[in-house]
Amino acid sequence: MLQRPRRNRKSPVIRKMLEETVLLPSNLIYPLFLVDGKSKPDPIKSLPGIFRFSLDDLSKEIEICLGLGIKTFVLFPAVSDSLKDKKATYSYSSKNFYLKAISTLKKKFPEAVLMSDVAMDPYSSDGHDGLVKNGQIVNDETLPILAKMAVAQAEAGIDIVGPSDMMDGRVGFIREALDKAGHEDVSIMSYTAKYASAYYGPFRDALDSAPKSGDKKTYQMNPANKYEAVREALLDEQEGADILMVKPALCYLDVIHLLKESSVLPIAAYNVSGEYAMLKAACEKGWLNYDAAMSEQLLSIKRAGADVILTYFAKDFGKLFKKQNG
Ligand code: PBG
């Protein structure tokens with residue numbers, strides 16, 4: 001036999017030397033849920049190990065993560081029902097605890113990179129990402145609301161805004177609004193190919209943000225489609241996005257790969273709440289090895305073409321990486 005591929009696998013050092021994909025803590029973004037006030041960390045049932053944090057506890061969490069090499073965070077606000085309305089006005093109000101928290105965190109941790117979510121759902125009494133009129137999610141009237149939200153977040157000091165709403169034209173609209181307000185340095189990580197997925201369930205539990213009626217299929221993408229993701233990617237590029245995201249990750253590795261091949265922009269993938277919950281549940285039952293399965297999932301997302309991964313595993317991966325690499 002001339003060809004013996006096993007020779008390249010014969011020792012740990014050779015295997016490491018020939019590794020094609022390397023995953024580092026610096027590739028990960030950790031999602032964190034923030035509540036107003038001074039409550040104790042509130043565990044999210046369907047996301048074991050993930051909490052709704054008050055600002056104090058969230059600061060402690062960020063400090064721990066920075067020590068593990070996890071330096072980028074995407075922040076989500078859990079807003080009480082009394083502050084929600086049809087137009088999500090609290091999202092850009094000067095009283096918004098989320099915006100105040102961004103300012104505080106930016107001052108406290110100048111080295112950390114903070115990313116926001118831009119969509120109406122955490123603030124909307126309808127639980128939709130856009131404005132609801134006569135049962136329809138209206139596109140163009142949503143754009144100014146998203147722009148106000150993004151500018152308010154930029155004013156608070158956010159480094160990256162993450163439009164997750166899937167309205168048409170929102171990246172360009174937000175880019176223009178940010179630039180007009182003097183925030184040309186604020187980046188846009190666009191949720192470019194965001195699918196109408198069953199895997200967002202635990203996230204909606206965390207924020208109590210499920211749609212009050214209907215579903216999100218008129219704006220989020222059909223899981224059956226991948227070439228449509230390229231169309232979205234081309235538009236987001238033209239409209240000034242800095243990073244393109246695919247969401248969810250695991251069922252959409254082909255889409256991640258396709259966008260990586262179709263665009264020169266960095267590609268992010270969101271390893272969403274349901275993907276995390278699924279693995280956690282199997283590990284709680286003792287059916288899978290947590291560290292090994294987590295690492296394999298994250299590595300596979302990177303191998304598919306994601307430069308950056310948003311994942312609830314970030315902190316645990318940081319710990320594991322430290323243990324293995326010192
Ligand atoms: C809000 C938003 C969602 C997620 C991120 N931003 C939920 C949704 O679109 O319904 C899901 C994240 C996750 O499941 O981890 N627009």
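A pocket is an open set of points on a 1 Å grid over the protein atoms alone, with protein on both sides within 12 Å along at least five of seven lines, whereas a cavity is a set where a 1.4 Å probe fits but cannot get out; lining residues have an atom within 4 Å of a point. Grid points are joined across faces, edges and corners, and a volume is the space filled by probe spheres set on the points. The model is predicted, so that local features need pLDDT of at least 70 and side-chain atom pairs count only at pLDDT 80 or more, while totals for chains, interfaces and linings use all residues. Residues are numbered from 1 along each chain as its sequence is written, and side-chain values use heavy atoms, with hydrogens and water left out.

**View 1. The largest pocket.** The largest pocket has a volume of about 360 Å³. Its lining consists of 16 residues, and Lys 16, Leu 23, Leu 299, Phe 317 and Gln 324 lie nearest its centre. Two or more lining residues come from each of α10 (290-304) and α11 (314-325); helices are DSSP runs (H or I, at least four residues) and strands likewise (E, at least two), numbered from the N terminus. By class, this lining has 8 nonpolar, 4 polar and 4 charged residues. Ala, Val, Leu, Ile, Met, Phe, Trp, Tyr, Cys and Pro count as nonpolar, Asp, Glu, Lys and Arg as charged, and the others, Gly among them, as polar.

**View 2. The second largest pocket.** The volume of the second largest pocket is about 170 Å³. Of its 13 lining residues, Met 166, Asp 168, Thr 218, Tyr 219 and Gln 220 lie nearest the centre. β7 (136-138) and α7 (227-238) each contribute at least two residues to this lining, which comprises 6 nonpolar, 3 polar and 4 charged residues.

**View 3. The cavity.** The whole structure holds 1 cavity of 30 Å³ or more. The largest cavity has a volume of about 120 Å³. It is lined by 15 residues, of which Asp 121, Lys 194, Tyr 200, Phe 203 and Lys 247 are the closest to its centre. The lining divides into 6 nonpolar, 3 polar and 6 charged residues.

View 4. Arg 175 belongs to helix α5 (residues 170-180). Arg 175 has a relative accessible area of 12% and is therefore buried (under 20%, with exposed over 50% and partly exposed in between; 1.4 Å probe, protein chains only). A polar atom of the Arg 175 side chain lies 2.8 Å from the backbone oxygen of Val 186. Beyond its neighbours within four places in sequence, Arg 175 is in contact (heavy atoms within 4.5 Å) with residues including His 183, Glu 184, Glu 239 and Asp 242.

Methods: Polar contact = N/O pair within 3.5 Å; in protein donor to acceptor, adjacent residues only side chain to side chain.
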